[in-house]
Amino acid sequence: MGSTPVAGELLAIGELDPGRIALEFRAPNLIAALRPGHALHLVRPESGGYRVRRVAPVSRVDLLRGSVEVALQPRADGGQDALAGLRIGEVIELIGPIGQPILINKATMRLLLIADGEGFAWVRALAIAATSAGVSVTMLQQAETAADLPPASLLPDVVEIVVATSDGSIGHRGTVADLLAEYVSWADQAVVAGAADIRAAATSAALRRRTADRTTASGKPARTRTTPAGNRAPWLQALLAHEIGCGIGACGGCTVATRAGQVRLCREGPAVDATGSASKGGA
Ligand code: FES
C-alpha cells in the first residue's frame, strides 16, 4: 500500500537553476519522514476527472517552517508542467516518501557530490544535511555556461563548489570528468546525479579508484582495506531520476536495468550502487 496523501499548501515558488521550478509546501506532518534521496508524488485534480501526478525530488526540508521544497523535473516530452501553474496558497495532495534515502556511512567525513543542472535537485538536500552533521562536502557542478548554474546561495556556505562549464565562462572549461581524478582519492563517499555522461564519468573514476586501492605501486595486490563497523554504503551511488508512475512498486514503470539486476527506482532506488559492488546494483 502507498502512503496516505497529505495536504500541502504552496508557500513559495522559486527556481533551482534556470527553468527548473522549485515548489515549497507547508506539510508539517510529512517532513519528519523525509531524507535526502526521497521524492514525493504531487497530485492535483484536473477538470474531467483527470489527476496530474508527478514525481518530484525533495530538495530541502525546513523544520522550522514545517515545509518541504520539491523540484519539478522537466517533462520527458518537453511540455509545460501543469503543476508549474500553481498559485501561492493552493493546496494539493503530497504522497511520500517515495524511494529509499541515500546511504551515508557513519564513518564518512568527506563527501563528494557530482551533479549537472538536472541532478542538482536530487543532491541539494544531501549537501545541507551532510554539512549540518559536520561532514565536509565538495560539489562538482557541470553546466553548458555560467548562466545555467544554480546559484551558490542554494548551498550552505561551507560547501566547496567546483564548477566546469562547456564554454569556459566560469570555472574549468570542459566537464566534471576532467576534475574527478583530483577528488576521488579525497572522498570517503561520492554521489552522482544527472545525465548519463556524468554518471558514466563518475562510475569510471570509481572503478579506477577501486583498482588503485587493490594494487600497490609495484603492481602487486594491496591488502584489502577493512571496512569500519557500520559501513555498508557503496563508495559511489548514482541517483536515477524517474518522472511518473505508481510510486509503490506495483506498475513496473520505473524499473531500470543495473549491474546487479532490475531495480524499481520508486522502491529500491533512486540511489543505486554505481559500480555494482554492493547489494543494490550499479547504474
Ligand atoms: S513507479 Fe510503479 S513500480 Fe515504480
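Strands β7 (residues 110–116) and β11 (residues 189–193) run parallel and are paired through five bridges; strands here are DSSP E runs of at least two residues, helices are H or I runs of at least four, both numbered from the N terminus, and pairing takes at least two DSSP bridges. Ala115 has Ala193 of β11 as its bridge partner. This is a predicted model, with local features reported at pLDDT of at least 70 and side-chain atom pairs at pLDDT 80 or more, while totals for chains, interfaces and linings use all residues. Numbering starts from 1 along each chain as its sequence is written.

Both strands belong to an open, mixed sheet of seven, ordered β10-β9-β8-β7-β11-β12-β15.

Now for the helices. Helix α1 (residues 120–132) lies across β7, β8 (136–143), β11 and β12 (236–239), at about 160° to β7; angles run from 0 to 180 degrees between N-to-C directions, with axes fitted to C-alpha atoms, for helices over the stretch in contact. Helix α3 (residues 196–214) packs on the sheet too, touching β7, β8, β11 and β12, and makes about 160° with β11. Contact means C-beta atoms, placed from the backbone, within 7 Å. The buried residues of α3 include Ile198, Arg199 and Thr203, buried meaning 20 or more other C-beta atoms within 10 Å of the residue's own. Their cover includes β7, β8, α2 (180–184), β11 and β12.

Elsewhere, Leu94 sits in strand β6 (residues 91–98). Leu94 counts as buried because 22 other C-beta atoms lie within 10 Å.

Terms used
Contact = placed C-beta atoms within 7 Å. Buried ≥ 20, exposed ≤ 12 C-beta atoms within 10 Å, placed from the backbone.
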